[in-house]
Amino acid sequence: MKKWIVTTLLIAALGLAAQSVNAQDRGFGIGGAIGGPDGISYKVWTAQDQALAGVVSFNASEGSSSFYTSLDYLFHKYYTDLDWEVGDLHYYYGAGAGFQWYSQDFVDEQFMARLPAGFGFDFTDVPVDLFFELAPQIQVAPEFNFGFNGNLGFRFYLN
């Protein structure tokens, strides 16, 4: 039941953010991410230098299943002294939350606070960006724990 509540809240947050997308020409992007965890990456720009971003990942096999999702609010800083014709390099940082669910009986749902930071490259002529991200995670439930995850990925912007 908890996973459906968290998923509903994440979808509602994305819907609210999509209403304020007019401040950025890229809008909504969707793509892939590899690393920890592999999955579907998404990003919704809320202002010229701010965005909501996250990953959704799932695994369904005969012995076990899992689901992971995260949602982060990011602040971007562009390197203005670089004059590249192909695109713009930026770094970003932010805060967010993650949720992981396993089907095994011995593992509970995990809720975590995240502090992502990374680098991104927005191409000028094509609606694509590339990113590299590291995120320390503090698991807050069911027990306190600390770890990292990181992703390398891309997104294609639909607007």
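Begin by selecting Arg 155 and Ser 41, whose side chains make a polar contact at 2.8 Å (a pair of N or O atoms within 3.5 Å, where within protein one must be able to donate a hydrogen and the other to accept it, and residues adjacent in sequence count only if both atoms are side-chain atoms). The model is predicted, so that local features need pLDDT of at least 70 and side-chain atom pairs count only at pLDDT 80 or more, while totals for chains, interfaces and linings use all residues. Residues are numbered from 1 along each chain as its sequence is written, and side-chain values use heavy atoms, with hydrogens and water left out.

Stay with Arg 155, which lies in strand β9, residues 145-157 (strands are DSSP runs of E with at least two residues, numbered from the N terminus). Is Arg 155 buried or exposed? Arg 155 counts as buried because its relative accessibility is 4% (buried means under 20% relative accessible area, exposed over 50%, and partly exposed in between, with a 1.4 Å probe and protein chains only).

Next, select Asp 125, in the loop between β7 (117-123) and β8 (128-141). Asp 125 is exposed, with a relative accessible area of 72%.

Finally, move to Phe 119, which is found in strand β7 and is partly exposed, with a relative accessible area of 43%.

Conventions
Helix = DSSP H or I, 4+ residues; strand = E, 2+ residues; numbered from the N terminus.
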